[in-house]
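Subject: The structure for you to look through

Hello,

Here is the structure I promised to pass on, followed by some notes on what turned up in it. Please keep the sequence and the 3D view open while you read, and look up each residue as it is named.

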Amino acid sequence: MKNLFTELRVALIATIVLALLVCGIYPAMVWVVAQGLFPTEAKGSLIMRGGKITGSDLIGQGFIDSKYFHPRPSAAGSGYDATSSGGTNLGPTSKRLVDTIKQRVFAYRSENGLAPDILVPADAVTASASGLDPHISLKNAYLQAPRVAKARELSEKTVLREVAIATESRDLGILGEARVNVLKLNIALDGILR
Amino acid sequence: MDLFGLIQLILFITILVALTKPVGLYLVRVLDAEGRTFLDPVLRPVERLFYRLFGINPGKEQDWKGYTVSMLCFSLVGLLFTYAILRLQHLLPLNPQGFKSVNADLAFNTAASFTTNTNWQNYGGESTLSYFSQMVGLTLHNFASAAVGIGVAAALVRGIAGNSAKTIGNFWADLVRINLYLLVPISFVFALFLVSQGMIQNFKGYEKTALVEPAPAETPMKDAAGEEVRDEKGNTVMETKEVKTQIIPQGPVASQAAIKTLGTNGGGFFNANAAHPYENPTPLSNFLQILSIFLIPSGLTYYLGRMVKKQQHGWAVWSAMAILFLVTLLVCWWAESAGNPRLHALGVDSTSGNMEGKEVRFGIFNSALFATVTTAASCGAVNAMHDSFTPLGGLMLLFNIQLGEVVFGGVGSGLYGMLIFVILAVFLTGLMVGRTPEYLGKKIDSYDVKVSVLALLISIFSILGFSAWAIVSKWGLAGLNNSGPHGLSEMLYAYSSATGNNGSAFAGLTGNTAWYNITLGLAMLLGRFLVIVPVMALAGNLSGKRMVPSSAGSFPAWGPIFTLVLVGTVLIIGALTFLPALALGPIVEYFLMMKSGLLY
């Protein structure tokens, strides 16, 4: 019994000492060095426009107007709500999933003026895992480009040039997928108008 | 399945193989109380200071009972510590959002979850927990529980390697050394790398940004007190408002995310875990997070070989793990690439695979790779929503967990779990050839087999028992997000994940209810500590045995035959136990998806 008491006392001290190291010194050191070496990233890669924060490079935003490229459907809150990240968690035989996607396919084809036999890229009609996915696939962007060009009275070539600028290729040429950052692209397009 | 996926897979395996030996050799030094490392000039004085504060003598080795008691006391104190922090969250500092105290059952579930290295997320990180709760209450266990797992594995390996030894190491020395020399330094460097990729590390309040395009959205109506308004049926009342701003949560993410994968913990800072762009910004950060999950478990197999002075044995165990891993990964990758034919019928491009619940920057391959690794390794971090995987893809994840997470497995827990199967494999081959089973020069007696089987049975009873209970209960069914076979999979996955201390979820399940919080919390504690105790007993019994020289009749614990027998043992026990339940969940769902028009 005395032995057990000693063990518990050591355990309590060990917990406190370890907490000081891994919950105090360690994160504080990461914080100090990170703020010094990578201040922009450590603070959230925020985008400033006219002196105000207008978003983050990494966090997607919702867009509805036809002059903007549209992001993926989002299940985060009422859509792109960064305080409640997450996916739909609907399984492959869910009626809700299939019904929703049926509507989205129809909507995607009609707003972009696509023929009914044109296949819709999966990322355009499925919700992402985080609900904050900042990217769409290249295929998705190309299909939206004519609509955006028309709404902005720009040439398709101009819009595609902006798409190319907002395209991020595979990391190190190998890892992940090529993708288009929707927020950056839309901000750049707004810049052309002005 | 495409060429780029294949190249990334080959790259992943190559780097893993290349790192196994150096990590293993480093582990040999860390796990030896007298071992020297290149960090000694800086950390030796800190280590000595720790021992002085603890009031222990690191040179004094413990027998298996002493080691186990120390480990249990430490875990109990940690459990209470985190429970107290979560309950007192509103009084503690670093709470810029003013979150309230976490309620009792959720606090129990979360404390049990982190103490057992499970990191099941019934809490929503950005909407429930303060920076202090995350950084102290949770991150403490990311280090502590990982060190406990590695310590137990090291104790078992010392038991196997010992010759008529009474002791198997000192728990406190293991705890201190694993943290100081292994987990903290690697996490520090890794965290900085992750920040360079865009992961955040700050202590400011949530950022309010002006949206580029303010747009109308359906939002829950709130009353003057800020509470959501509900109608007479209890549903949230929605209203259409123009949303002009986006609130972006901030916090010390990188320091927590680095140890989250390195220590195979998996508890996310954000609800969406490693799918959240702040918690996994780029494919490169993703690749290294995946690699860091397997880093220590893979190195521990080399440590095993080195300690028992039979490196081929270490590699044989590694190969068995790698074979099981590749099979489940390839099936999962194939199933996710093939996608969902129900959606293809609606006009969705079938070449883009199953993108529901996946992020564009990772795509199909990196989502399948992350998911397979995280379930093989008891990590539980996710970069895609497992609930939305295709039936066969999800089956592989579930099966990985149910095999006991011995495919590299959690830090330490993977190795000691696999060594249980090794004992059984040796026992089975002994029965087949009619000789006393022998493992690396030690006779395996009935005590060894009994405690090994006990360790397996406890998990099996916990997974199937709790799942069955939930399935026939109102509270169990009330938590489902999907119905039909997929609903069964959600419950089965929950208790498999909790018992296996994995922590990933078919996250549609609403687990944050009193019943689920308590039963899942219990499953985690059973699956952790009632497995560790038999493992420690095994270590104690093996350490006391005398080494006998091997003879021509000894079955070698290395070479292709041993590896295949080991793979077979794992598969047979896993499949025999869980196939009936899996047949009613993901397997029947596969046929429904392919061959019928039924929807749920």
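With a relative accessible area of 39%, E111(A) is partly exposed, and the side chain to look at beside E111(A) is that of R147(A), with which E111(A) forms a salt bridge whose closest N and O atoms are 4.0 Å apart. This pair links distant parts of the chain, since E111(A) belongs to helix α3 (residues 95-111) of chain A and R147(A) to helix α5 (residues 138-152) of chain A, 36 residues apart. R147(A), in turn, has a relative accessible area of 8% and is therefore counted as buried. Please bear in mind throughout that this is a predicted model.

Over all chains, a search of the whole structure finds 21 salt bridges. In one of them, the side chains of R179(A) and D171(A) meet at 3.3 Å, N to O, and both of these residues are buried. Another is found in chain B, where the side chains of K358(B) and E336(B) meet at 2.6 Å, N to O. Here again distant parts of the chain are linked, as K358(B) sits in the loop between α11 (341-344) and α12 (363-376) of chain B, while E336(B) sits in helix α10 of chain B, 22 residues apart. K358(B) and E336(B) are both buried. Returning to chain A, E168(A), D171(A), R179(A) and K184(A) are joined into one network by salt bridges that share partners.

**Where the two chains meet**

How many residues of chain B are in contact with chain A? There are 114 of them, and they are in contact with 100 residues of chain A. The size of an interface is often given as the accessible area lost when the parts come together. Between chain B and chain A the buried area is about 8600 Å², and carbon and sulfur atoms give 67% of that area.

Across this interface the rule finds one salt bridge, in which the side chains of D349(B) and K139(A) meet at 2.9 Å, N to O. The polar contacts between chain B and chain A come to 45 residue pairs, with both residues at pLDDT 80 or more. On the side of chain B that touches chain A, strand β1 (residues 207-220) of chain B gives the most, with 12 residues. The residues of that side of chain B divide into 63 nonpolar, 36 polar and 15 charged.

Leaving aside residues up to four places away in sequence, Q201(B) touches residues of both chains, among them V30(A), W31(A), G251(B) and P252(B).

**A buried phenylalanine and the cysteines**

F12(B) lies in helix α1 (residues 3-30) of chain B and counts as buried because its relative accessibility is 0%. Although F12(B) and L291(B) are 279 residues apart along the chain, their C-alpha atoms are separated by 7.3 Å. Residues up to four places away in sequence not being counted, F12(B) touches several others, including F287(B), L291(B), F325(B) and V373(B).

The structure holds zero disulfides over all chains.

**Two residues with a positive phi**

Most residues other than glycine have a negative phi. N117(B), which is not a glycine, has a positive phi of about 65 degrees, and N117(B) is found in the loop between α4 (104-115) and α5 (125-128) of chain B. K309(B), not a glycine either, has a positive phi of about 55 degrees, and its place is in the loop between α9 (283-307) and α10 (311-338) of chain B. Are these residues buried or exposed? N117(B) counts as buried, at 4% relative accessibility, whereas K309(B) counts as exposed, at 74%.

With best wishes

Key
Residues are numbered from 1 along each chain as its sequence is written. Chains are lettered from A and ligands numbered from 1 in the order in which they are written. This is a predicted model: local features need pLDDT of at least 70, side-chain atom pairs count only at pLDDT 80 or more; totals for chains, interfaces and linings use all residues. Side-chain values use heavy atoms; hydrogens and water are left out. Contact means heavy atoms within 4.5 Å. Buried area is the accessible area (1.4 Å probe) that two parts lose on being put together, summed over both. A polar contact is a pair of N or O atoms within 3.5 Å; within protein, one must be able to donate a hydrogen and the other to accept it, and residues adjacent in sequence count only if both atoms are side-chain atoms. Helices (H or I, at least four residues) and strands (E, at least two) are DSSP runs, numbered from the N terminus. Ala, Val, Leu, Ile, Met, Phe, Trp, Tyr, Cys and Pro count as nonpolar, Asp, Glu, Lys and Arg as charged, and the others, Gly among them, as polar. A disulfide is a pair of cysteine sulfur atoms within 2.5 Å. Buried means under 20% relative accessible area, exposed over 50%, partly exposed in between (1.4 Å probe, protein chains only).
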